[in-house]
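Please study the sequence and the structure before working through each solution.

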Amino acid sequence: MNIRRRGFLGSAGLVSLFGLWPFSKTAAAAGRTRGLYRELGIRPLVNFRGTHTVIGASKQWPELHEAMAEAARDYVVLDELQDKIGERLARLIGSEDAMVATGAAGAITLGTCGCLTGLDEQKVRRLPDLAGMKSEVVIQKVHRNGYDHAVRSTGVKIVEVESREQLLNAASARTAMLYFLGGTSGDYAYETPVSLEECLAIGRKAGFPVLVDAANMLPPWENIRRLAAAGTDLIAVSGGKHMRGPQCSGILAGRKDLVRAARLNSNPHSDSLGRPLKVGREEMIGAWLAAKKYAALDFAALERQSFEQAEYLSRELKKVPGLAVSYAPHDRTRRVHRVAVRWDEAALGLTTGDCERQLLEGEPRIAVLRDGPQGFLFTVFMNDPGDERVAARRMKEIFAASRRP
C-alpha cells in the first residue's frame with residue numbers, strides 16, 4: 001500500500017505571532033532584494049499544498065541565514081561539530097545521541113546502515129554487499145511507501161508483515177531492523193496492525209532495533225520527545241519541513257551506539273555508502289538552531305493561527321455558488337487543517353485540471369493538493385498572513401469567470 005508521505009488578522013496577538021512564525025515583511029523584503037527568481041524567469045508560489053519537497057517544503061527561519069553564513073566563514077573538524085551539535089540535539093529530544101543528516105530520508109538510510117554494520121569499519125566499507133551480514137528489514141505492509149527506498153538502497157531484503165504473529169515469525173538472525181512509519185498525511189485512513197510499543201517490545205526480545213520514520217510527526221515537538229521516552233532505538237526527523245531548518249537537513253536520534261555507527265557510514269568517511277549524503281557545517285548549524293527554536297515554540301498558538309486562517313478560507317469558499325466545502329480529517333499524530341473543495345464540473349463548466357492550471361498560472365501563483373479524481377485540498381499549514389485571503393479571492397475570480405456566457 002502506497003501512502004502519500006504537509007478582521008482577526010489585525011488583532012494584536014496574532015500580528016505578534018505572525019511576526020514570529022512566517023517571514024516578517026522586513027525579513028521578506030531583505031531576502032528578495034536581488035530578485036534571483038525573477039532573474040531566472042521563475043515566479044514563486046503561495047503554498048497550499050503543505051510541506052512538500054517538490055515546492056520547497058517550508059520557509060527557513062530568517063535568522064538562520066546569517067548564522068549559516070557565519071558557519072561558512074571558518075574551517076572546523078566536522079566530527080567535532082557533529083559531536084557538539086549531537087549533544088545539544090539529544091538534550092532537546094531526550095535521546096542518548098543525535099546527528100544531523102540530509103533530510104529524514106538521509107537519516108533513514110544512515111540509520112539502516114548503522115543497524116547493518118554496527119561499529120565494524122570493515123562492514124562499513126563492504127556495504128551494500130551484505131554477504132555474511134544481517135540482511136533483512138521488517139516493515140508492516142501498511143507502512144510501505146516510496147520513502148522506504150531509503151532503506152532498500154542499502155541492499156537489504158524487505159520482509160512485509162500484516163499481523164503480530166507474522167512479525168514474530170519474521171524475526172530471525174537475519175533481521176537487522178524494523179522500519180516503522182510514525183505518521184504521514186492521510187494516516188487517519190488506516191490502522192497499524194502492530195503498535196510501536198509492541199514492535200519495540202518484540203525488537204528488544206528478538207534483538208533487533210526499531211527505526212521510526214518521524215518525518216511527518218511535527219508539530220508538536222513533544223511527539224519526538226515521546227518517541228525517545230518510549231525507548232525508540234532510532235528516530236528520523238525532517239529538518240526542512242515544519243521545523244523550518246535548511247531544507248536539505250534532517251536529524252537521526254536514538255541509541256548512542258547506533259547513531260555512532262550511522263556516523264561511520266556517513267561523511268566525512270570516504271569509503272562508506274553514505275558518503276554522498278554529505279552534510280556541511282552550515283547545515284549542521286542551521287539544523288541545530290532550527291531545532292532549538294522549534295522546541296520552544298507555542299504550538300497551541302500556532303494551531304490557533306492555522307485554524308483561524310482555515311476558517312476564513314472555508315467561510316469565503318462557501319460563498320461561491322456550487323462549491324461543496326468541508327474539512328478533511330486530521331492526521332493521527334498531528335493537527336493539519338485541510339479545506340476540501342469539490343464541485344460538479346459539468347454544471348459549473350470547470351474541471352479540476354483547468355482550475356488547478358488557472359491557480360498556478362495566475363497572479364499570484366497558488367499551489368493546491370489534488371484530492372482524488374475531483375476537487376482540491378487547501379492545506380493550511382505554515383501560511384503567511386493573508387495567504388488565505390489571496391486564495392479565496394482567486395477561487396472566486398476563477399469560478400465567476402467560468403459562469404460567464
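**Exercise 1. Determine which residues form a nonpolar patch on the surface, and state whether Leu40 is buried or exposed.**

Solution. Tyr37, Leu40 and Ile42 make up a nonpolar surface patch, and their accessible area together is about 350 Å². The model is predicted: local features need pLDDT of at least 70 and side-chain atom pairs count only at pLDDT 80 or more, while totals for chains, interfaces and linings use all residues. Residues are numbered from 1 along each chain as its sequence is written, and side-chain values use heavy atoms, with hydrogens and water left out.

Step 1. A patch takes residues with over 30% relative accessible area and no salt bridge, joining like charges within 9 Å and nonpolar side chains (Val, Leu, Ile, Met, Phe, Trp, Tyr) within 5 Å. A salt bridge is a side-chain nitrogen of Lys or Arg within 4 Å of a carboxyl oxygen of Asp or Glu. Accessible areas come from the Shrake-Rupley method with a 1.4 Å probe, and for residues only the protein chains shown count as cover.

Step 2. Leu40 belongs to helix α3 (residues 36-40). Helices (H or I, at least four residues) and strands (E, at least two) are DSSP runs, numbered from the N terminus.

Step 3. The relative accessible area of Leu40 is 63%, so Leu40 is exposed. The classes are buried under 20% relative accessible area, exposed over 50% and partly exposed in between (1.4 Å probe, protein chains only).

**Exercise 2. Find how many aromatic pairs the whole structure holds, and explain why the pair of Phe48 and Phe378 is edge-to-face.**

Solution. 

Step 1. The search gives 6 aromatic pairs. Rings of Phe, Tyr and Trp (its six-membered ring) pair if their centres lie within 6.5 Å; planes under 30 degrees apart count as stacked, over 60 as edge-to-face and the rest as tilted.

Step 2. The ring centres of Phe48 and Phe378 are 5.7 Å apart and the planes stand at 75°, so this pair is edge-to-face. Phe48 is in the loop between β1 (45-47) and α4 (64-71), and Phe378 is in strand β13 (residues 376-380), so the pair ties together parts 330 residues apart in sequence. Both Phe48 and Phe378 are buried.

Step 3. Phe376 and Phe378 also form an edge-to-face pair, because their ring centres are 6.4 Å apart and their planes are at 85°. Phe376 is buried, at 0% relative accessible area.

Step 4. One aromatic cluster consists of Phe48, Trp343, Phe376, Phe378 and Phe399. Phe399 is located in helix α17 (residues 387-402) and is buried, with a relative accessible area of 0%.
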